[in-house]
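Please walk me through this structure in plain terms. Start with the sheet, then turn to the helices, the cores and a few single residues.

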Amino acid sequence: MGGQKFAVLLCADDSDYVKNVYGGYYGVFVRMLREEGEVWDLFRVAKGEFPTDDDIGDYEGFVITGSCNDAHGSDIWICKLVILLNKLDAMKKKVLGICFGHQILGRALGGKTGRATTGWDIGIREVEFLPSQILTSLKIPASLSIIEFHRDEVWEIPPKAEVLAWSNKTGVEMFRYGNHIMGIQGHPEYTKDIVLHIIDRLLDHKLIEEALVEEAKSRLQAGEPDREAWKKVCLSFLKGRL
């Protein structure tokens, strides 16, 4: 695996907290996914920084991060991202989408996304896996806890895609498309401190209600996400071990 190149497609602005503690969201993902000898690059796609067509072939895989933007939006960078994802699909590049990344993959490949019918989901949630050959080799439990932080969702998966997991809040918690694309609605990379920081920022800007904040913090305190198991899932997919 030495010398392989991967890239993070950053779809959000780094907060001062995440920059200072983790080196930005790029740092959060690299901590979880980088293995010895690998090169990980960063493209701030939300700021218009995209890999060129000539660059794409150099990478084994890409990770699409979360965002405060809507995957069903029409911002120029989002439309450019959809075009890039179609190119990566045609090249059969490994692509892992997280939260917004999961939703924009759904959109790019022909599915439908939008506001979640049940509203915000913030906190720790149990995700149930469906029987699937792609996950059998991992020998993971039938369900795992993950940190959720979203108010949009995949309404309808793309044609030929397969739902891998669901929860009592969200029907499409995880899907795959072929053997090269996977989306996860939750945040396997998040730690509790990151979530608490985001919650407080949203509350300060009056973007979420105080009652929701209290519920979210209570859910965070009630359990722990299965971060190591999710790391195994993400690494196994991205590095071609499934």
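Which residue in E11 is the bridge partner of Ile-98? The partner is Ile-184.

This is a predicted model, in which local features need pLDDT of at least 70, side-chain atom pairs count only at pLDDT 80 or more, and totals for chains, interfaces and linings use all residues. Residues are numbered from 1 along each chain as its sequence is written, and side-chain values use heavy atoms, with hydrogens and water left out.

**The sheet**

Strand E4 (residues 94-98) runs parallel to its partner, strand E11 (residues 181-184), and four bridges join the pair. Strands (E, at least two residues) and helices (H or I, at least four) are DSSP runs, numbered from the N terminus. Two strands pair if DSSP finds at least two bridges between them. Strands of a sheet pair through backbone hydrogen bonds, either parallel or antiparallel.

E4 and E11 belong to an open sheet of nine strands with mixed pairing, ordered E2-E1-E3-E4-E11-E10-E9-E6-E7. At the edges stand strand E2 (39-43) and strand E7 (143-150); each has a single partner strand, so one side of each lacks a neighbour in the sheet. On average, neighbouring strands are turned by 25 degrees against each other, direction ignored.

Helix H2 (residues 24-33) packs on this sheet. H2 touches strand E1 (5-9), E2, strand E3 (61-64) and E4. Contact means heavy atoms within 4.5 Å. The direction of H2 makes about 155 degrees with that of E2. Axes are lines fitted to C-alpha atoms, for helices over the stretch in contact, and angles run from 0 to 180 degrees between N-to-C directions.

**A helix pair**

H7 and H8 pack at about 175 degrees, with axes 11 Å apart. They are therefore roughly antiparallel (angles over 145 degrees). From H7, the contact includes Val-195, Leu-196 and Ile-199; from H8, it includes Val-213, Ala-216 and Leu-220. The contact residues divide into seven nonpolar, one polar and four charged. Here Ala, Val, Leu, Ile, Met, Phe, Trp, Tyr, Cys and Pro count as nonpolar, Asp, Glu, Lys and Arg as charged, and the others, Gly among them, as polar.

**The cores**

A nonpolar core is a set of buried Ala, Val, Leu, Ile, Met, Phe, Trp, Tyr and Cys residues joined through side-chain atoms within 4.5 Å. Buried means under 20% relative accessible area, exposed over 50%, partly exposed in between (1.4 Å probe, protein chains only). The largest core has 32 residues; Leu-33, Trp-40, Leu-96, Met-174 and Trp-230 touch the most other members. Helix H9 (residues 227-238) gives the largest share, seven residues. Another core, of 30 residues, lies apart from it and includes Val-95 and Ile-181.

**Single residues**

Most residues other than glycine have a negative phi. Two lysines have positive values, as the table shows.

| Residue | Phi | Relative accessible area |
|---|---|---|
| Lys-92 | near 60 degrees | 55% |
| Lys-206 | about 55 degrees | 73% |

Lys-92 sits in the loop between helix H4 (76-90) and E4. Lys-206 sits in the loop between helix H7 (192-204) and helix H8 (210-221).

Is Thr-65 buried or exposed? Thr-65 is buried, at 2% relative accessibility. Its place is the loop between E3 and H4. Thr-65 and Phe-100 are 35 residues apart in sequence, yet 6.6 Å apart in space, C-alpha to C-alpha. Thr-65 also touches Ile-98, among others.

Note on methods: Parallel < 35°, antiparallel > 145°, perpendicular 65-115°, else oblique. Lists of a residue's contacts leave out its neighbours within four places in sequence.
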